[in-house]
Amino acid sequence: MGMPSFWACSGEALAISSAGIEAALNAGLRVYALRPRHGERIDQSRAFGVIERLGEVLERLGEM
């Protein structure tokens, strides 16, 4: 079994691929994309926003 295409919680999702973004959108979730750290070219234009690093997720959760 490989990695999941997205992680979801409370109606929002974090995706790391175009396929993950599409899957989360099809599930009716608000999707944030995680920017590739090695400069891979991935179309993330359909995501609601782009997260630069995973630490941002923890920071945002702390604000809730």
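Student: What share of the contacts in the protein with a separation of 6 or more comes from residues 24 or more positions apart?

Tutor: In this predicted model, residues 24 or more positions apart account for 13% of the contacts with a separation of 6 or more.

Student: Which elements does the protein have, and how do they run from the N terminus on?

Tutor: The protein has 2 helices and 4 strands. From the N terminus on, the order is β-β-α-β-β-α.

Student: What percentage of the residues count as buried?

Tutor: Of the 64 residues, 25% count as buried. Gln-44 is a case to look at. At 10% relative accessibility, Gln-44 counts as buried, because the cut-off is under 20%.

Student: Where is Gln-44 found, and with which residues is Gln-44 in contact once its neighbours within four places in sequence are left aside?

Tutor: Gln-44 is in the loop between strand 3 and strand 4. With those neighbours left aside, its contacts are Ile-21, Ala-33, Leu-34, Arg-35, Pro-36 and Val-50.

Student: How many aromatic pairs does a search of the whole structure find?

Tutor: The search finds 1 aromatic pair. Its members are Tyr-32 and Phe-48, with ring centres 5.5 Å apart and planes at 85°, so the pair is edge-to-face. The angle decides the class, because planes over 60 degrees apart count as edge-to-face.

Student: Which parts of the protein does the pair tie together?

Tutor: Tyr-32 lies in strand 3, residues 30-34, while Phe-48 lies in the loop between strand 3 and strand 4 (49-51), so the pair ties together parts that are 16 residues apart in sequence.

Student: Are Tyr-32 and Phe-48 buried or exposed?

Tutor: Tyr-32 is buried, with a relative accessible area of 15%. Phe-48 counts as exposed, at 51% relative accessibility; the cut-off for exposed is over 50%.

Student: Which residue lies over the face of Phe-48?

Tutor: Arg-30 lies over that face, at 3.7 Å from the ring centre.

Student: How should I read a pocket?

Tutor: Rolling a probe the size of a water molecule over the atoms shows where empty space is left. Here, the second largest pocket holds about 290 Å³ of space.

Student: Which residues that line the second largest pocket are the closest to its centre?

Tutor: Of the 13 lining residues, the closest to the centre are Ile-16, Leu-34, Arg-35, Pro-36 and Arg-37. Leu-34, Arg-35 and Pro-36 are also among the contacts of Gln-44.

Student: How many residues of each class are in the lining of the second largest pocket?

Tutor: The lining has 7 nonpolar, 1 polar and 5 charged residues.

Methods
Residues are numbered from 1 along each chain as its sequence is written. This is a predicted model: local features need pLDDT of at least 70, side-chain atom pairs count only at pLDDT 80 or more; totals for chains, interfaces and linings use all residues. Side-chain values use heavy atoms; hydrogens and water are left out. Rings of Phe, Tyr and Trp (its six-membered ring) pair if their centres lie within 6.5 Å; planes under 30 degrees apart count as stacked, over 60 as edge-to-face and the rest as tilted. Buried means under 20% relative accessible area, exposed over 50%, partly exposed in between (1.4 Å probe, protein chains only). A charge sits over a ring if NZ of Lys or CZ of Arg is within 6 Å of the ring centre and within 35 degrees of the ring normal. On a 1 Å grid over the protein atoms alone, a cavity is a set of points where a 1.4 Å probe fits but cannot get out, and a pocket is an open set with protein on both sides within 12 Å along at least five of seven lines; lining residues have an atom within 4 Å of a point. Grid points are joined across faces, edges and corners, and a volume is the space filled by probe spheres set on the points. Ala, Val, Leu, Ile, Met, Phe, Trp, Tyr, Cys and Pro count as nonpolar, Asp, Glu, Lys and Arg as charged, and the others, Gly among them, as polar. Contact means heavy atoms within 4.5 Å.
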